[in-house]
Every structure is written in structure tokens, then in C-alpha cells.
Amino acid sequence: MKVAAIINPISGAGADTRAAEQRRALIADAFDRRSVRGTLHFTERAGHARELARAAINHRARLVIVCGGPGTVNEVGTALMGTRTPLGLVPAGSGNGLPAALSCSIDPRLAIDRALDGTSRAIDAGMLGNRPFFNIAGIGVDARIAALFNTRERGARGRWPYVLIGIREGCRYVSRDYELDLDGDAGPVRALLIAFANGGEYGNGIKLCARARLDDGVLDAMVVEERSVLARFWHARHLAKGTPHRAPRVTLRQIRRAVVRTNGPIEYHVDGEPGVADEAIEMGIRPGALWVRV
């Protein structure tokens with residue numbers, strides 16, 4: 001079996017050149033033990049993982065393993081969409097929400113073994129505009145947090161920087177007025193957060209939509225309306241418990257299509273990678289678009 005491994009050498013908290021070499025050595029050892037024809041590549045810049053994955057497909061790789069965080073996984077998954085080449089996950093990010101939804105081991109040795117020896121299954125891909133996502137996309141405060149988190153220097157990410165940015169933005173973020181259309185049910189809303197979940201967890205145990213499933217052909221939409229700063233933090237405890245439906249002024253429903261409009265630019269993220277749209281953006285879903293190894 002021909003396998004390509006794509007390694008982000010700086011993903012996760014405190015990643016350095018030694019961590020990169022450790023990741024390479026673990027995968028190379030697994031290849032050697034199985035006599036696998038494998039190639040190993042380090043990413044060098046944003047977008048490089050997508051390029052490497054496309055090259056692997058062109059060279060007829062039967063499996064692409066990605067060792068990195070949500071952004072790297074999103075790039076590789078985007079390249080593999082619509083092919084029968086499965087994606088193997090070795091979690092190495094700050095949150096690892098998609099690996100959690102797929103019950104991937106956080107032990108890199110076990111994750112590599114399961115990627116090489118497991119079975120393949122198809123999962124859905126959400127679409128926010130023309131950008132795919134495989135776990136969660138969001139508009140509002142989580143998009144602002146993602147944008148600020150992604151400006152941090154290499155090796156300066158991780159759980160606690162994310163939490164600290166979240167606390168700061170929870171205090172000062174100003175909600176916006178949107179026109180929201182969920183499967184044709186349209187109306188105005190002043191929202192702190194509008195999220196679309198394919199998987200159920202942001203990462204680090206923060207559960208957005210506990211009932212979200214990766215292969216059910218729908219997205220789980222969650223709309224959190226404006227509230228006071230104190231109420232924001234009091235109700236946020238439900239994310240840690242996986243019970244956001246218990247907070248007031250929270251809408252949860254399953255959808256196949258949505259449109260969000262507002263006056264001015266719309267900050268969003270796809271799998272934690274930030275972006276900006278002009279005044280309107282559409283969400284959709286592509287059932288069974290990506291094969292993954294589990």
C-alpha cells in the first residue's frame with residue numbers, strides 16, 4: 001500500500017524542531033514495521049498541506065495520514081474530498097475536535113497504528129461559502145477568537161492561550177444584527193454566535209452540539225442570542241457540560257442549508273481557520289464527501 005504522511009512540525013502547544021522529528025520518527029517506524037511504501041513530508045507554510053495532499057493523490061497514494069491540528073486537517077481533507085483516498089488522523093493540535101468525534105487516540109503511536117490498520121468510512125463535509133469544513137464553522141465571537149488565536153506566534157498556542165483569549169473576547173465582543181435563514185425559515189436575530197456543527201466538539205472537551213453526527217447528512221445549527229457579559233460566562237458552563245440547550249435564548253436545529261446576512265463584513269471560521277465574507281454567506285452540506293480511516 002502506498003501511503004503519504006503530511007506532518008505539521010509546529011502544530012500544537014510548544015511544538016519545536018524536536019517534536020517535529022519525533023513525529024517523523026514515529027510514522028517512519030510504523031512504515032518500516034509494516035513494509036509500507038510511504039513518503040513523509042513537512043508542511044512549510046499555509047496551504048502547503050493541501051498541495052502535498054493533491055500531489056499524493058496524483059501519485060496514487062492509497063492513504064494520506066495527517067499529523068497536525070485542525071487547520072492542517074482541513075487543508076488535507078479539502079484536497080481529498082470527492083476521492084476514495086481516506087484520511088488518517090494523528091492528533092497534534094491545540095483542540096483536536098474532529099479526532100475526538102472520530103474517537104481517535106491522543107497517543108500518537110496508537111493513532112498511527114489505527115490510521116494504517118483501521119477501516120474506512122465516509123463522513124459529510126459542511127460548506128461555508130466555497131470553503132469546506134469537517135467539524136465546526138462559526139460566525140460571531142468564536143470567529144473573532146479564532147482570528148486572534150491564529151495571530152499567535154509558532155509554539156505559543158495551546159489550550160490556555162485559547163481560554164484567555166476567549167475570556168477577554170467574552171467581555172468585550174459586541175453582538176451583531178443578522179438576517180438568518182435556516183432551511184427557508186427566515187428572520188432577524190441579534191446574535192453573539194451562529195455555529196454550524198458537523199462534529200459535536202470544538203476540542204478540549206468543549207461540546208457545542210452533543211447530538212451532531214459526522215455522517216447524518218445534516219448540520220446542527222446553534223444560534224446564541226445576545227446577553228449580558230455576566231450571563232455569557234454563566235451560560236457558557238453548558239458548553240463544558242454538553243448541555244447548551246439548557247441556556248436561555250439558544251436555538252438548536254438540524255438543517256441542510258442556511259444563509260446569513262448583515263450590514264458589513266462577516267467574520268467566520270472553518271475548523272478554526274478564520275475568514276471574512278461580504279454581507280452574506282451561505283452554508284450547505286455535502287453528504288459522504290470525505291473518507292476517513294478509523
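Reader: Where is the place of valine 229?
Author: This is a predicted model, where local features need pLDDT of at least 70, side-chain atom pairs count only at pLDDT 80 or more, and totals for chains, interfaces and linings use all residues. Residues are numbered from 1 along each chain as its sequence is written, and side-chain values use heavy atoms, without hydrogens and water. Helices are DSSP runs (H or I, at least four residues), as are strands (E, at least two), numbered from the N terminus. Valine 229 has its place in helix α8.

Reader: Is valine 229 buried, partly exposed or exposed?
Author: Buried means under 20% relative accessible area, exposed over 50%, partly exposed in between (1.4 Å probe, protein chains only). Valine 229 has 34%, so this residue is partly exposed.

Reader: Is threonine 262 buried or exposed?
Author: Threonine 262 sits in strand β14. Its relative accessibility is 10%, so threonine 262 counts as buried.

Reader: Which residues does threonine 262 touch, not counting those up to four places away in sequence?
Author: Contact means heavy atoms within 4.5 Å. By that rule, threonine 262 touches Arg176, Asp177, Tyr178 and Glu279.
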